[in-house]
Amino acid sequence: HIITDLSTGGAEYALYNLLNGGLAIHFNNHILSLRNEGSLGALIMKLDVPVTALGIRGGVQSLSGIVQLHNMVKSFQPHLIQGWMYHGNVAATVASLVAAQSPLVLWNVRHSLYKLSYEKVMTRQVIRMNRLFSSRPATILYNSQVARKQHESFGFSVKQGKVIPNGINVDRFVFSKQSRKNIRTELAIPEQALVVGHVARLHPMKDHPLFLRAAVIAARQNDDVHFVLSGRNVTMKNNEISQLIPECLHNRFHLLGERSDIPELMAAMDIFSSSSYGEGFPNVIGEAMSSRLPCVVTDVGDSRFIVDNTGIVTPPHNQDAMVTGLKAMLQLSAIERKQLGEAARQRIIDNFSLPTIVEQYSELYEKLLEQNKVVH
């Protein structure tokens, strides 16, 4: 598996979850991170899966990293090379050219592609490189139907496309009364208060400003509602977002930054919201639903398909619609919200549980190995 890095993120967690869910047992895996071991490298190594960080950043480091990539692939002699995200896909294709056994290459596109202009300049070039080489991999995996359509419309090869959604660890993301009590005590949130949650790193596509503006309106109209936000750089020290919250409401907005206890945080919530204007398959929505939370989300990627009739879906870039959605969910009775939350968890168990998704990856790998006459 070749991935950009192993920091906390949707694609990185998806890889870890697949390994932890069974791929580490069924196959002989090796992880090459183009940058660093991040926060997930150590967790992956605890699964007895080796991790090599190439430290590619730029300049001379890039050259040495490419040489190391060449050497590692020749040493490992893989039968399959799975790229993760755009940079990892390009690296996987390059790696296959130097490998002795002419391994099959798979790509894993973990991103929506609404507009190329949404991306950084360098990322745009890498996406174009993916398009150029997209006929080379044996399979191009997408984690959402929307992402597949977008990329194929952009010029990615159609023949190799396949959708396998993200797997949700329903045993980890489960409601806990004790966690609910602990987190609310930590944050000084009253037991009877309603809590709306939002979990995302600070990035333009996550549209924190839209959510916060809508949340402030909802907070002014509901004295008993609190908002808990977690994600990299999502703190009150960050003026970019804290200035959107009136000082008189600071005690009801809890901006926690990056946290590793997301299942526990979700147990303290009553409603979950996602305000993105660009997603593929947003893990966090599935995790919130698994935690028995009814959701108010924007209609991007496969969010509508994931939520189905267990929550509220609003247009992206639409503050009024987000306000309306939050108000509607807040106005439901506790029993009605509980019923929606239970339906949400059951939908995840039935359609997106981790064992189901691990089985789909395993079957794909086995099929490709069989076609290539390889016994692993």
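## Salt bridges across a predicted chain

Glu258 is partly exposed, with a relative accessible area of 42% (between 20% and 50%; under 20% is buried and over 50% exposed, using a 1.4 Å probe and protein chains only). Glu258 is also one partner in a salt bridge with Arg232, and a search of the whole structure finds nine such bridges. This is a predicted model, so local features need pLDDT of at least 70 and side-chain atom pairs count only at pLDDT 80 or more, while totals for chains, interfaces and linings use all residues. Residues are numbered from 1 along each chain as its sequence is written, and side-chain values use heavy atoms, leaving out hydrogens and water.

**Overall build**
- The chain has 15 helices and 13 strands (DSSP runs numbered from the N terminus: H or I of at least four residues for helices, E of at least two for strands).
- For 376 residues, a compact globule would have a radius of gyration near 21 Å, and the chain agrees at 21 Å (taken over C-alpha atoms; the rule is 2.2 Å times the number of residues to the power 0.38).
- Along its principal axes, the C-alpha trace spans about 65 × 40 × 40 Å.
- Buried residues make up 55% of the 376.
- Of the contacts between residues at least 6 apart in sequence, 67% join residues at least 24 apart (a contact means heavy atoms within 4.5 Å).

- In the Arg232–Glu258 pair, the closest N and O atoms are 3.7 Å apart. Arg232 sits in the loop between β9 (225-230) and α9 (239-242) and Glu258 in the loop between β10 and α10, 26 residues apart. Arg232 is partly exposed too, at 31% relative accessibility.
- Arg259 pairs with Glu186, with 2.9 Å between the closest N and O atoms. The two are 73 residues apart: Arg259 is in the loop between β10 (253-255) and α10 (262-267), and Glu186 is in helix α7 (residues 177-187).
- Lys206 bridges to Glu279 at 2.8 Å between the closest N and O atoms. Lys206 lies in the loop between β8 (194-199) and α8 (208-221) and Glu279 in the loop between β11 (271-274) and α11 (283-290), so the pair ties together parts 73 residues apart in sequence. Lys206 is buried at 14% relative accessible area, and Glu279 is buried at 10%.

**A network**
- Salt bridges link Arg180, Arg184 and Asp270 in a network.

Note on methods:
A salt bridge is a side-chain nitrogen of Lys or Arg within 4 Å of a carboxyl oxygen of Asp or Glu.
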